Amino acid sequence: MKYSIFKILSIVLICASCTDVVDVDVPEAPPRLVVEASIDWEKNTLGNQQSILLSTSTPYFDNLSNNSVTDASVKITNNTSNEEFEFTHQGNGIYGTSSFVPVLNQSYTLEINYQGETYIAEETMTPVVDIDEISQAREGGFDDEALEVDIYFNDPGNEENFYLFRFEEEGDLLPELLAIPDEFTDGNRMKVFFEKEEDEDIGQEEFEPGDIAFIEFYGISKQYFNYIDLLIEQYENAENPFGTVPATLKGNCVNPSNPENYAFGYFRLNEVNRVTYVFQ
Amino acid sequence: MTYPKLLCLSLFLIFTALVSAQNRYTISGTITDASNGETVFGASVFLEGTTIGAVTNEYGFYSITAVEDEYTLIVSYVGYATSSKKIVLNTNQKIDFEISESSTELDEVLIVAEESERLNIKTPQMSVSKLKVETIKKIPVVLGEVDVIKSIQLLPGVTSGDEVSGGFNVRGGAQDQNLVLLDEAIIYNISHLFGAFSVFNADAIKDVKLYKGGIPARFGGRASSVLDVRQKDGNSKNFELNGGIGLISSRLSAEGPVFSDKGSFLVAGRASYIHLFLQASGAENSANFYDLNLKTNYNINKNNKLYLSGYFGRDEFNFGANFNSGYGNASGNLRWNHIFSDRVFSNLSFIYSDYDYILDFKSFEFDWISEITNYNIKYDVSYFQSNKLQLDFGLNAIYYDFNPGDINPTTETSSINPLLLDQKRAFENGLYASAEYKVSDDLTITAGLRYSYFMRRGGQALTDYENDLPIVYNTILGVYEEGNAIGETAYAKDETIKSFGNLEPRLALAYQLNDNTSIKAGYSRTAQYIHLLSNTLSVTPLDVWTPSGKFIKPQLSDQYAIGYFRNFNNKRYSLEIETYYKTVANRIDYVDGSDLIGQNTIETEILNGEMRAYGLEFLFRKTKGDFQGWLAYTISKAEQRTPGGAAGGPGINNGNWYYAPQDRTHDVSITASYKLNDKWDFGANVIYQTGRPVTYPDGQYSYEGLNIASFSDRNASRLTDYHRLDISATYVPNRKPEKRWKGEWVFGIYNVYNRRNAASISFGQNRETGANEATRTAIFGIVPSVSYNFKF
């Protein structure tokens, strides 16, 4: 929500004509391992098909291709049963398994060996409540005339919960992410909306009947919330002079023998609701 | 110097002064402007052919003591005709002067040192700049709106935050380290429209004084500077209307005598109307501001005078149906000037001030109110003991109420629960004494001592943390995290959670090398008990003030300065060179990735560090003739260091020094005005500043299908250099002397060569192409303006 606050402020203050795209010399840091280990267990599935993506970071203005990591070894261990799940390279930096056994509230350890360094991460599989209702409306959202899809769910009371939404319209190049805590809404029925405003600059149009939206609704740990919330804030606020000062994001993939050489990215495990919504 | 030594010195000075006082009489009085009866602050009053003299105080009062003799008493003030009067000093006497603007020297004096003419190089006060409002009005500004803050940014050692923050930085200090006073009331936010304009209406202001260092003992509470803005008292001779019509706002003020000529009043208002244009053009978003200044005074008798002044200002923003916001300051001050004797002047003030903002998030169905309020009692006494010694002492007590946030749902269906963040309370008290002692004709010393005492009061609960650590370093992830809360301690309203006391010595001396040259040196320590925390790129009106307490220590600033001052060519030119070194202990900074919004436990997001700044300032002025102006140049450095401390870990930026956001290596301003004839006046500014330190990305990677930037060390890169040229022309149409209506047209062009100065550069992914881009935000390109000002 806070980035929305600042985003709104910036829209109030900054006219479009005040901004332009410029060439800037930026510093270049040496490449780092990037771990996108998202163990997402879709509700009502077995969850044994899982994959992990490994790559390296590049200079800021370089093309992000040909930077897959193909020669690492990857495994996840169940911290209670010590059962190990090997992930094997399947091409393009994707490491997969079809024998993973997800257990809610179970902690797991990820271990990656790459170029003689060992990276370790630990996380807990976090459950999520069901979607209570999903419907469309024009009223509400940022624009009372634009079509939006509203997702309702009931937050469990008297406990800290954190959620992640991933929205994408069919044909979109990039997804939209939204992370929310229940800090201000504990125990309430919550509503989250996905709406698009017309913006010629980026070729974006409002939703129309027949459009298809892909919605993913995750339960996430507090630690992952802290990470992804900041990631989204820095990403979304990129063009905002009232945004928070950016900082390098550290995830949970550490390098115990050489702490400075940590990896970017995150090892997360969460339950997820996936819904495809067709606007009427 | 240790405190006991300093006290001994002060006592010694007082003692030597006392024994030498004999056969002396005192002349005292008030200096006013003949045209409108306004008291004159900073006029020199002296006895011709001697070194005996004084400078009028904020209320125009002076007092001179000399041995029995015949003298010529002279009053001089830059831009005014020198007045003189022969006197026989054989008894204590009261002599009031009215001075008139000089006809031969009518040209605007651009900037005057506080003490005009021959005394100015003698007093130990250094690092101070005073701008008269007439000067400020001649400086070209954006959209023709006369701006006090933008004017002081043209002085050496003063830099602007950026065009969207509207604040100012003094000698490498942060914006919250400036004490901004409007008729003694603390102003917490000095900007309208997020910094495009300042809250000070030039029609209501008499003068502006900025203490960059050598802060007198009567001021306290901020680590860097004091900006002392005084409102006009109102014309006590004639009724007068002033106004101006500009492109985006207009103003009107009325002043005149009241209470059967025993007093005067001033009412001044301003309002913008850009929102009308915006609405007319069909824009969903709008912004506007207005403000009102009030002042009145009443002469009870020759020894007692009452002043009442007030300010109220508001900004309002509308963003379609989704979001409304408003913020503003309000202040009031009731003052009583009492003259005990011809040598003892006193002032008692009761002051109130308040700043609040309201955010109404319609799309999220809640609103958010935040507020800071303070009540302040101040009592100041000046004792003009002899021509060698002046003593100032007084006390001051401020009570603060902080409301960092009150969040409420605005609809029945809102999923937001009401939340009131901890309401904080504090007392800040000060007690001071200061002596200005003329050791010899060449050497003058001012020694002062302030004792400040701060109490963070209860009425709230504080979180208890494991090992008393509100923030801890997670050695596994290499990041700072909230400490483990293990409980809460509730404090009753009449309890003090934590208190701090600080001795703040101030010392200044001036040594005169010859009639035109002097050297001054100063040291000052100041304590700052309330802090403004911001982790945004620009200071926003939504930043929250936080009092010192269990987790946050007061900032302690030590500044050393030395300067060389010279008038030459019959005082047509002057040169000031100053150098300073400043350290601030206990400067807090936020950790990477901190979340300060709606944060009840700010202590979990910050680390305690330090700050240091040093620099060299040049100011070369021409203050007489048709062509006047100044050149100011500053070279400086401002850095911060924030180690992990008790929280463990390396701290911010691995515990290394990093540039403070307000660091500017080079800062150059040239301001010039030229009077062509009685009809045309021209003005120009040139400004050049090194770019602001910023944090740029040094890499990227893909995550969740997005290009995520990774960032370098804090503030390791810089924006491109900032520079621009502004010009203005003032045209006074032919007017008949008998007509009361006087009008003038002011034409201006801000940023003549349309330089796109970056207020910020941000890095993001183009949603259409997916490529990374650097986007520059530049607020003001070339902005032409015209306004019409009138006086009736």
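Which residue is the bridge partner of A:Glu36 in β15(A)? The partner is A:Tyr266. The views below take this pair and other parts of the structure in turn.

This is a predicted model, in which local features need pLDDT of at least 70, side-chain atom pairs count only at pLDDT 80 or more, and totals for chains, interfaces and linings use all residues. Residues are numbered from 1 along each chain as its sequence is written, while chains are lettered from A and ligands numbered from 1 in the order in which they are written.

**View 1. Chain A as a whole.**
Chain A holds 2 helices and 15 strands. Both kinds of element are DSSP runs, numbered from the N terminus: helices are H or I with at least four residues, strands are E with at least two. The radius of gyration of chain A is 20 Å, close to the 19 Å that the globule rule gives for 280 residues, so chain A is as compact as a globular protein of that length. That radius is taken over C-alpha atoms, and the rule is 2.2 Å times the number of residues to the power 0.38. The C-alpha trace spans about 55 × 50 × 35 Å along its principal axes. Of the 280 residues, 38% count as buried. A residue is buried if 20 or more other C-beta atoms lie within 10 Å of its own, exposed if 12 or fewer, and partly exposed in between, with C-beta atoms placed from the backbone. Among contacts in chain A between residues at least 6 apart in sequence, 66% join residues at least 24 apart. Contact here means that the C-beta atoms of two residues, placed from the backbone, lie within 7 Å.

**View 2. Strand β2 of chain A and its two partners.**
Strand β2(A) covers residues 33-42. Of its 10 residues, 8 are buried. Two strands pair if DSSP finds at least two bridges between them. β2(A) runs antiparallel to β3(A) (residues 50-56), joined by 4 bridges. Here A:Val34 stands opposite A:Ser55. β2(A) runs parallel to β15(A) (residues 264-278), joined by 9 bridges. The pair of A:Glu36 and A:Tyr266 belongs here. In a regular strand the side chains alternate between the two faces of the sheet.

**View 3. Helix α2 of chain A.**
Helix α2(A) runs over residues 222-236. From first C-alpha to last, its 15 residues reach 20 Å, close to the 21 Å expected at 1.5 Å a residue. The expected span is 1.5 Å times one less than the number of residues. The helix is mostly covered, with 11 of its 15 residues buried. Among them are A:Tyr224, A:Tyr227, A:Ile228, A:Leu230, A:Leu231 and A:Tyr235. Buried too are A:Asp229 and A:Glu233.

**View 4. The surroundings of A:Asn78.**
A:Asn78 sits in strand β4(A), residues 73-78. Is this residue buried or partly exposed? A:Asn78 counts as partly exposed because it has 18 C-beta neighbours inside 10 Å. Leaving out residues up to four places away in sequence, A:Asn78 touches A:Glu83, A:Gln106 and A:Tyr108. A:Phe193 lies 115 residues from A:Asn78 along the chain, and their C-alpha atoms are separated by 36 Å.

**View 5. Chain B and one of its sheets.**
Chain B has 4 helices and 53 strands. Of its residues, 53% count as buried. An open sheet of 4 strands has the order β3-β2-β5-β6 in chain B, with antiparallel pairing. β3 (53-55) and β6 (83-89) stand at the edges, each with a single partner strand, so one side of each is left without a neighbour in the sheet. Strand β5(B), residues 69-76, pairs with β6(B) over 7 bridges. B:Val75 stands opposite B:Ser83 in β6(B).

**View 6. Where chain A meets chain B.**
The contact takes 64 residues from chain A and 65 residues from chain B. On the side of chain B that touches chain A, β46(B) gives the most, with 7 residues. Strand β1(A), residues 19-22, and β52(B) pair in the antiparallel sense over 4 bridges. A:Val21 stands opposite B:Thr775 in β52(B).
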